[in-house]
Amino acid sequence: RDAMRGHSSAFGLIFDPRLLDRISEEGQDMITDHVTEAVIEKEEPHPKLLYLVAAPLCGSLLRQYHASSSESLMQTYQSFRDVLLHLLLFSIITSGALKAEDEDTDLSAEILAPAEVFPVEELYPRSNRLEEVVRALILATFIAIGRAHWESAQATHPVVRALVKLILTASDREPEPRSALLPNSVAHRARVRQWQSLCALASLVDASTAAATLPRLRAALALNNTASVRRYVELFAISCALRSSDVEAAMAEDLAKADEGAGHLVCSLLSVVGHVLKEGYTPDRARRLLPPIIACLTSNVQRVRLHAQLLVHELEEAE
C-alpha cells in the first residue's frame, strides 16, 4: 500500500503542469518516454499501474481545463495521447475471463436506437476490473470537458476533436489489419472498444467534426467486421449523419452505388440511412433518402431484400 501511494504521488507530479512548465523540453520528453514505456512497452502491465497513470493524468487535464489553460491542456494531451489511446483500447489484461462476444452484441443492441446522449455507464457497465474503470475514467474526463464547452459554444472542444481523430486512426496500429477478426481476439476487442469510445463521444461531435470522420467511417463500414463491432460503427455513423448533411449525403450516395454482393455493407448503409430518416424526418430528406432504400426492395440478395422490406415497414409505422 505504501508503494502504491509512492507510485501515485510520483505520477501525480509527472502530470502536474506546474512541474512540466519548469523543466526543459528535453526533460519533458524524458518524462513522456518514461510513462510510455511503463504503460505501452512493458509486457502485460499490472492493472493498478494503468490506474495509477490514468487517474492523475485525467485530473491534470481537468484542472487545466477549469483553469482555462487551453494551450497547456492541448500540450498535455499531445504529450500523452499515445498513452491515452493505449489505455482506452489496447490495455487488455488477459489474466481474467474475457467477456463473451454475445455480451458485447447484446450491449450494442440495447443502445442501437440513436439518442442525443450516450451515457458512459451504458457502454461500460459498473465493474471492479481496473482496466474497465480506467477506460470509463478517461472517457468521463473528455466528456466532462467536451460537454461544458458544448453548452457554452455549441461546438466540439479542440481536445475532444483531437481524441476523436486519434481513435479513428487506431486500426492503423493493428499489426496486421484484417477485414474479419476472430471473436475475442485482442484485435477484435480493441475494435469493439474503439467504436464504443467513439459512440460515447458522439453527442459532442459537431457538423464539421462529423464531416471530417467520413473517410474513416466509409472504410470501417466496408470492412466485414463482426456484429459486435459493426453495430457500434453504424451507431456512430447515424449520429454523424444526423449532425452533418455531408455525411448524410455520402451515406445515401454509397447506398445507391453499393454492390449488392457486399451484403454486409448494404445492410449497414440501410440501417444508417433508415435511422436518419426515422429520427429526423422531413419531406425533403425523404425525397433524398427513400429512392436508394426502395431500390433494395427487389435485391437478389436475401438479407439485403429482407433488411430493406423491414425498414420500409418500420418507416410506414413511424408515419
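**View 1. Surroundings of threonine 76 in the predicted model.** Apart from its neighbours within four places in sequence, threonine 76 is in contact (heavy atoms within 4.5 Å) with Leu57, Ser60, Leu61 and Gln64. Threonine 76 lies in helix α5, residues 70-90; helices (H or I, at least four residues) and strands (E, at least two) are DSSP runs, numbered from the N terminus. Its relative accessibility is 5%, so threonine 76 counts as buried. Buried means under 20% relative accessible area, exposed over 50%, and partly exposed in between (1.4 Å probe, protein chains only). The model is predicted: local features need pLDDT of at least 70 and side-chain atom pairs count only at pLDDT 80 or more, while totals for chains, interfaces and linings use all residues. Residues are numbered from 1 along each chain as its sequence is written, and side-chain values use heavy atoms, with hydrogens and water left out.

**View 2. Histidine 46 in a loop.** Histidine 46 is found in the loop between α3 (25-41) and α4 (47-66). Because its relative accessibility is 48%, histidine 46 counts as partly exposed.

**View 3. Helix α10.** Of the 16 residues of α10, 14 are buried, so this helix is largely enclosed by the rest of the structure. At 1.5 Å a residue, α10 (residues 186-201) should span 22 Å, and the 23 Å between its end C-alpha atoms agrees with this. The expected span is 1.5 Å times one less than the number of residues in the helix.

**View 4. Packing of helices α14 and α15.** Helix α14 (residues 245-257) packs against helix α15 (residues 263-279) at an angle of about 140°, and their axes are 9 Å apart. This angle makes α14 oblique to α15; under 35 degrees counts as roughly parallel, over 145 as roughly antiparallel, 65 to 115 as roughly perpendicular and the rest as oblique. Axes are lines fitted to C-alpha atoms, for helices over the stretch in contact, and angles run from 0 to 180 degrees between N-to-C directions. Among the residues that meet are Met251 and Leu255 in α14, and Leu269 and Val273 in α15.

**View 5. The kink in helix α16.** A kink of about 35° lies at leucine 289 in α16, shortly before proline 291. The bend at a residue is the angle between axes fitted to the seven residues ending there and the seven starting there. Arg285, Ala286, Leu289, Pro292 and Ile293 of α16 are buried.
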